[in-house]
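Colleague: Please take a close look at one part of this chain, and first set it in the whole. Plain terms will do.

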Amino acid sequence: MPKVNDVADIVDILGVGYGPSNLGLAIALQERNVGVAADDRITSVFVEKQPEFRWHPGMLLPGATMQISFLKDLATQRNTRSEYTFIEYLSQQERLTHFINLQTFFPSRVEFHDYLTWAADKVDADVLYGYTATEIAWKGDYFEVVVASADGAWRTLRARNIVLAGGLSPTLPLGVLPTDRVFHNHRILDHLAALPEPQHGKFVVVGAGQSAAEVVSHLHQRYPDAEVHGVFGKYGYSPADDSPYANRVFDPEAVEDFYSSSPRLREQLIAYHRSTNYSAVDLALIEELYSREYGERVAGKRRLFVHGASELSTPLEADRGVEVSVLHRPTGRRERLICDAVVYATGFRPLDLHAILGGLADDCVFRPDGTPEVERDYRLRTNHMVKGGIYLQGGTEHSHGLTSSLLSNIAVRSGELVESVVTRSMRHAVLTN
Ligand SMILES: Cc1cc2nc3c(=O)[nH]c(=O)nc-3n(C[C@H](O)[C@H](O)[C@H](O)COP(=O)(O)OP(=O)(O)OC[C@H]3O[C@@H](n4cnc5c(N)ncnc54)[C@H](O)[C@@H]3O)c2cc1C
């Protein structure tokens, strides 16, 4: 493998992944460094495996909207005067007045993607696009991180602190192997673009969450002659609770409440409010799907089928298609389908810390259930050998609550991370003087 030049300098922060979380951090860092003497500025570099900034591009379905208010952008809740707010973006695009007339808090996902890309282009940050962080080691005074590009080039970077923001990985049910026709929803647009013209005129979508319902809706519109079968274990799609009091679980203050609760209370709180985020669908989309299905009943020409209380057999590749059967659990009735594709909207799992940290994971403290011990400032608890901070953006639902993998708290959390790095480096300077 060719090795490209090492970066000799040790930066204060090395961010792994450059999605919205570490983009929010880059903005908070830039704003913190304004007016600070050069020697006291916090230095940083970010590594992103994608070739450019992209936010879940495979799910930018036409018409899909954000699940949070645009005011929960990358900056507003930390600094209302930031140059990186969604309102500033709208103003720069000369769309502010038009957006106001829309009378919504929930922009389209396509527009929010454009906002994030605008912010990534604008912020003054060193980002190594096209590189994956593959190894992290503690070298006594700093972390050494090996990063590799897809064409085999690699280099090492050094940093006093690491911020892991690698996002979530798609999961398929046990025994389901991905193929060109059997895939997770996360990259559905790419898969559909590569799919030959539908032969069987049938699609199956597994799952009962927001993404599943969005994919059902998209396939139904995109293939006007095809049947679309939604299959899931619940009796029906159920609405996401975005009512004002329940929405408080996403407030910055909720992180404090959650963190100071006992493990048992945390579990209870997550269970009470699961329907704000998991296996739940926007009510408007549920009503829209139901009304389409009802319209088809009236017209006597059905092609949208929602199979609740059901489960899907493991897909088998058939002649230019996939064979599955849908079991209706209450009656035991089975329906065999040969379809063009099966889409699994079956969720995600957090970044595998053991995979990314390798041997360094042995220096971190894990709980019996495998989740890491995380300090309030999002630092992994480590043994005393590791002096640098390994911070997590994501993967802290068990300790910091439901905002962990969402956009809701990025602005405030980024500010807290910067504050923690600054405070800890000042303490280090005092101790070493
Ligand atoms: C379709 C979809 C819609 C969503 N809509 C909303 C919403 O409306 N509201 C909301 O709050 N949340 C939403 N979410 C949740 C989502 O997790 C957040 O929106 C957001 O993506 C979190 O940002 P992140 O930076 O933590 O993770 P990500 O956006 O996943 O970014 C992580 C980045 O790290 C990179 N990476 C991973 N490992 C490495 C490595 N080893 N080296 C280098 N780079 C690496 C990845 O390529 C990726 O770009 C949605 C999720 C999906 C899938």
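Modeller: The radius of gyration used here is taken over C-alpha atoms, and the globule rule to compare it with is 2.2 Å times the number of residues to the power 0.38. For 433 residues, that rule puts a compact globule near 22 Å; the protein chain has 23 Å, which agrees. The model is predicted, so local features need pLDDT of at least 70 and side-chain atom pairs count only at pLDDT 80 or more, while totals for chains, interfaces and linings use all residues. Residues are numbered from 1 along each chain as its sequence is written, and side-chain values use heavy atoms, with hydrogens and water left out.

Along its principal axes the C-alpha trace spans about 80 × 50 × 45 Å. The chain has 12 helices and 18 strands; these are DSSP runs numbered from the N terminus, with helices being H or I of at least four residues and strands E of at least two. Of the 433 residues, 49% are buried. Buried means under 20% relative accessible area, exposed means over 50%, and partly exposed is in between, with a 1.4 Å probe and protein chains only. A contact means heavy atoms within 4.5 Å. Among contacts between residues at least 6 apart in sequence, 71% join residues at least 24 apart.

Now the part to look at, helix α6. This helix covers residues 210–222, which makes 13 residues. From its first C-alpha to its last it reaches 18 Å, close to the 18 Å expected at 1.5 Å a residue; the expected span is 1.5 Å times one less than the number of residues. How many residues of α6 are buried? The count is 10 of 13, so the helix is mostly covered. The buried ones are Q210, A212, A213, E214, V215, V216, S217, H218, L219 and H220. An α-helix has 3.6 residues a turn, so residues three or four places apart point the same way.

V421 counts as buried, because its relative accessibility is 5%. Not counting residues up to four places away in sequence, V421 touches I13, I42, N161 and Y391. R379 is 42 residues from V421 along the chain, and their C-alpha atoms are separated by 10.0 Å.

I13 turns up again in strand β2 (residues 44–48), where S44 lies: S44 touches V11, I13, L29 and D126, with residues up to four places away in sequence left out. S44 is buried, at a relative accessible area of 17%.

Loops come next. Most residues other than glycine have a negative phi, and most peptide bonds are trans. H56, in the loop between β2 and α2 (86–92), is not a glycine, yet its phi is positive, about 40°. Y378, in the loop between α10 (353–357) and β18 (389–392), likewise is not a glycine and has a positive phi of about 70°. Is each of these two buried or partly exposed? H56 is partly exposed, with a relative accessible area of 38%, whereas Y378 is buried, at 1%.

R367 also sits in the loop between α10 and β18. Leaving out residues up to four places away in sequence, R367 touches R266, E373 and H398. D242 is 125 residues from R367 in sequence and 32 Å from it in space, C-alpha to C-alpha.
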